[in-house]
Amino acid sequence: MNQDLSFDFLEQFKEQSLALRLLRSPHFALLASFLHRAFLAKNRRAIPYQELIDALEHHLQDIADSHGPELFPKSARAYVDDWINSRGGYLRKYLPLQSDEPECDLSPETATAPRRIAEPQGRRSAGPGACSIGIFRGG
């Protein structure tokens, strides 16, 4: 790693890194578990917008059944729209060619964050810092 890990660099990195914003999000567990379930576990690149909302409704219901409905009080559509807009940027919404139904896909950086989290679980000898090291190395 050739980058100087100065305070200023790390402050800027903290604000600009989508992976770190995801990790710091108050909805981190919801975001990571849902995006993993919807996209990564099923090896899907894109999901129709309404299908994604429906899937999140089911995920939110599963969480509400275990932890209570007050944990995530907004609608599934509101969360998906937050994750699409510039505040989140975790998802991209677009209209595919020859289609009138929008689809969503993961931003590249968002797609790698849950994998980085899951990786150390499979390789316990890597140690608890393996996820953080991967984020600093960019991979």
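1. Leu95 sits in the loop between strand 2 (91–94) and strand 3; helices (H or I, at least four residues) and strands (E, at least two) are DSSP runs, numbered from the N terminus. Leu95 is exposed, with a relative accessible area of 53% (exposed means over 50%, buried under 20% and partly exposed in between, with a 1.4 Å probe and protein chains only). Leaving out residues up to four places away in sequence, Leu95 touches Asp100, Glu101 and Pro102, where contact means heavy atoms within 4.5 Å. Its C-alpha atom is separated by 9.7 Å from that of Tyr49, 46 residues apart along the chain.

2. A word on the model before going on. It is predicted, so local features need pLDDT of at least 70 and side-chain atom pairs count only at pLDDT 80 or more, while totals for chains, interfaces and linings use all residues. Residues are numbered from 1 along each chain as its sequence is written, and side-chain values use heavy atoms, with hydrogens and water left out.

3. Not counting residues up to four places away in sequence, Ser25 touches Leu31 and Tyr90.

4. Now to the core. The largest nonpolar core has 26 residues, of which Leu30, Phe39, Leu52, Leu56, Trp83 and Leu91 touch the most other members (such a core is a set of buried Ala, Val, Leu, Ile, Met, Phe, Trp, Tyr and Cys residues joined through side-chain atoms within 4.5 Å). Two or more residues come from each of helix 2 (18–24), helix 3 (28–40), helix 4 (49–67), helix 5 (76–84) and strand 3 (103–106). Helix 3 gives the most, with 7 residues.

5. Neighbours within four places in sequence aside, Leu56 is in contact with Leu30, Phe34, Ala76, Tyr79, Val80 and Trp83.

6. Last, the helix pair. From helix 3, Leu30, Ser33, Phe34, Arg37, Ala38 and Phe39 meet Leu52, Ala55, Leu56, His59, Leu60, Asp62 and Ile63 of helix 4. The residues of this contact divide into 9 nonpolar, 2 polar and 2 charged (Ala, Val, Leu, Ile, Met, Phe, Trp, Tyr, Cys and Pro count as nonpolar, Asp, Glu, Lys and Arg as charged, and the others, Gly among them, as polar). The axes of helix 3 and helix 4 come within 11 Å and cross at roughly 130° (axes are lines fitted to C-alpha atoms, for helices over the stretch in contact, with angles from 0 to 180 degrees between N-to-C directions).
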